[in-house]
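Please have a look at it first.

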Amino acid sequence: MLAIRRVLAQQAARLASPIGGTRTGSSLLISAETAAQRTLMPARQMSSSNSSIKSSSSSSSSSRRNTKNDGQFKTWKPLAPTLRHRRMVSRKDLHKGGPIRELTVAKRRTGGRNSSGHITCRHRGGGAKRRIRLVDFKRSEPGPQQVVRLEYDPGRSAHIALIKHMETAKLSYILAPAGLRPGAVVQSYMGVDLNELVKARRLGEGEDGFELESEGESEAAAAEGGVAVVEAASEGTTAGETAVEEPVVKETAVEETVVLEAEPSLDASPTRQPTKRAAEPDLASDLVGKISMEVGNCMPLKLVPMGATIHNIGLHPFGRGQLVRSAGASAQLLYTASSGLAQIRLTSGEVRRIPVDACATLGQVSNGDHKHEKLGSAGAKRRRGWRPTVRGTAMNTHDHPHGGGRGKSKGNKHPRSPWGKLAKGGKTRSRTSSMVIKGRPRR
């Protein structure tokens, strides 16, 4: 490049020098250099772009040769000891670009320190910069929403899905359940007026589920009933029995609730059918045809069929989801009703009560293979914001209960935390929640 630059500078100097020139040699040299730079600039840009393209293509091809992606896990060729056992979940189906900027906020790190500067959470600090994705755990906006794409979220173990409202075109993030694909349509029934759905379900039906009769049909039925009573009375008079009084016959013809037996006897008075009272509406049965039970749909627990697999479960009525949100997690609905408390079984085996108006999403959380990942190196751990962990036996006596002594002795003590709490199997919970029916099995 330097030789080419000199040749071009000399050519430009010869072209720029006047015939009877009065310029000095330095001015000619400066003008020649500027002209060479101007003529050489496009060539530099082209060469740099070509070299960057070549380097990127070569690096990508070499990375493809050194990695293997079978759709479930991504593994590396053991070019270094840290790559031998490294195994990460495949991200072939995820979005390759960044998130929606408006749906993220900057994450400000504290390094595990409080406002006084003291370390209150050990082993934290450093790591790559992150932006927190604002995930909609409440799902309060009703209506159909289409899945645009699936994305990786560095702040959680599960994947997230970008959805777009089909009516308002509003974008939002939700937890991606297993099996959700771009193009699918999900809905939320948390902000829907359930009484309106019941009315729509019962349109053209009575308030207790029986079909209503039109005015003409009711009048015709009343007339037929009156004729039957008159005929029965005429048969009774021919047999020599006492005839039914005319006012009673007229009154019977007007009433709609008189029921006659197959062989009417004049001694028996007409009986009135017990009136049917409108039963309390059962939302679970009335809204079966109005609610879609597809994976990713969010609804109150009282609308979820019993035995269904759910995630993103709320703890308070009409609140955000707080339970079952990590990768591969799921819960099972054991009991629900139109009011009161439902019962669910968590992944840990715990059975607890939840208000029936709390939210729940159908399906299991995505990225179930996250538990099989292996980082392979300490550097990968540091890039995720984790600092090294020092063993208690390597500390001094005043720093840890296991510290001090000669060699690797920990003083014949049971494993403890730096603050003296039992670390393996010791009970630390002083009270339990009244909503827990059956605790998780413990060792």
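Let me begin with Lys302 and Asp357, whose side chains meet in a salt bridge with 3.0 Å from N to O, a salt bridge being a side-chain nitrogen of Lys or Arg within 4 Å of a carboxyl oxygen of Asp or Glu. This pair links distant parts of the chain, since Lys302 sits in the loop between β12 (298-300) and β13 (309-311) while Asp357 sits in the loop between β18 (351-355) and β19 (359-362), 55 residues apart; the strands are DSSP runs (E, at least two residues), numbered from the N terminus. Lys302 counts as buried at 12% relative accessibility, where buried means under 20% relative accessible area, exposed means over 50%, and partly exposed lies in between, with a 1.4 Å probe and protein chains only.

Before I go on, a word of care: this is a predicted model, in which local features need pLDDT of at least 70 and side-chain atom pairs count only at pLDDT 80 or more, whereas totals for chains, interfaces and linings use all residues. Residues are numbered from 1 along each chain as its sequence is written, and side-chain values use heavy atoms, with hydrogens and water left out.

As a general point, side chains of opposite charge can pair when their charged atoms come close.

Now, a case of like charges. Which residues gather in a patch of positive charge on the surface? They are Lys427, Arg429, Arg440 and Arg442, and such patches are made of residues with over 30% relative accessible area and no salt bridge, like charges being joined within 9 Å. Arg442 belongs to the segment after β20 (436-438), and with a relative accessible area of 54% Arg442 counts as exposed.

Lastly, Ser90 lies in the loop between β3 (87-89) and β4 (104-106), and at 10% relative accessibility Ser90 is buried. The Ser90 side chain reaches the backbone nitrogen of Lys92 at 3.4 Å.

Terms used: Patch = residues over 30% accessible without salt bridge, like charges linked within 9 Å, V, L, I, M, F, W, Y side chains within 5 Å. Areas by Shrake-Rupley, 256 points an atom, 1.4 Å probe, with all protein chains shown as cover. Lys, Arg positive; Asp, Glu negative; His and termini not counted. Charge placed at Lys NZ, Arg CZ, Asp CG, Glu CD. Helix = DSSP H or I, 4+ residues; strand = E, 2+ residues; numbered from the N terminus. Polar contact = N/O pair within 3.5 Å; in protein donor to acceptor, adjacent residues only side chain to side chain.
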